[in-house]
Amino acid sequence: MRAALAIVALVLPNIALALPDDATLSRLLVGTWHGHRHDTEYRADGIWILDPPDEGDNTRGKWQIEHGRLIETWRLTDETEDSSSVEEIIELTEKVFKSRIILQEGPGRPEGQVLPSEIFTVTRVTEKK
C-alpha cells in the first residue's frame, strides 16, 4: 500500500503539470506578448514579429511548436545563414507564457550565452475596448 501511495505521490504532480498538445500550445501562443524589452507578436501563419526591433535588425522570423518546445528561426541583416533557438515551454496560458532557452545556434547567438537560460515570463497584450 505504501509503495502505491509513493508512486501516486510521484506521478500525480507530473500529470497535473503536463502541457497541452502542440496544436493547443500553438493556438495559445498566437497573439502579442509583452516582455521587459519588447513585444512579440506570434501570428497563426507561423511568423513572429518583434517590436521594437532588436540589434542587428532582428525583427521577424518563423516559429513552430514541436514536442512542447518553441522553435524560432530568423536571419540577421547581412547574414547568409539562419539563427535558431529552442525554448522549453514551462507554462503557457491565455495570460502568461514562461519559457527558457535550451538551445541557440547560428550568427544570432549572443556571445558568452549560458544555457539553459533563466526563465522568461511574458504576459499577453490585450486589446483595449
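Biologist: Which residues in helix H2 (residues 22-29) are buried?

Modeller: Leu25, Ser26, Leu28 and Leu29 are the buried ones in H2. They lie on the same side of H2, because they cover an arc of only 165° around the axis. That arc is taken from the directions from the helix axis to the C-beta atoms. Buried means under 20% relative accessible area, exposed means over 50%, and partly exposed is in between (1.4 Å probe, protein chains only).

Biologist: What kind of model is this, and how are its residues numbered?

Modeller: It's a predicted model, so local features need pLDDT of at least 70 and side-chain atom pairs count only at pLDDT 80 or more, while totals for chains, interfaces and linings use all residues. Numbering runs from 1 along each chain as its sequence is written, and side-chain values use heavy atoms, leaving out hydrogens and water.

Biologist: How many helices and strands does the protein chain have, and what makes something a helix or a strand here?

Modeller: The protein chain has two helices and eight strands, in the order α-α-β-β-β-β-β-β-β-β along the sequence. Both kinds are DSSP runs numbered from the N terminus: H or I with at least four residues for helices, E with at least two for strands.

Biologist: Is Ser83 buried or exposed, and how do you know?

Modeller: Ser83, in strand E6 (residues 83-92), is at 1% relative accessibility, so Ser83 counts as buried. Its contacts (heavy atoms within 4.5 Å), leaving aside neighbours within four places in sequence, include Trp74, Glu105 and Pro107.

Biologist: Where is Gly68, and why does it count as buried?

Modeller: Gly68 is in the loop between strand E4 (58-66) and strand E5 (69-74). Gly68 counts as buried because its relative accessibility is 11%, under the 20% limit. Gly68 and Ile89 are 21 residues apart in sequence, yet 6.2 Å apart in space, C-alpha to C-alpha.

Biologist: Why is the pairing of Glu88 with Arg100 called a salt bridge?

Modeller: The term needs a side-chain nitrogen of Lys or Arg within 4 Å of a carboxyl oxygen of Asp or Glu. In Glu88 and Arg100, the closest N and O atoms are 2.6 Å apart, so the pair qualifies. This pair links distant parts of the chain, with Glu88 in strand E6 and Arg100 in strand E7, 12 residues apart. Side chains of opposite charge can pair when their charged atoms come close.

Biologist: What makes Glu88 and Arg100 partly exposed?

Modeller: Glu88 has a relative accessible area of 26% and Arg100 is at 28%, so both fall in the in-between range.
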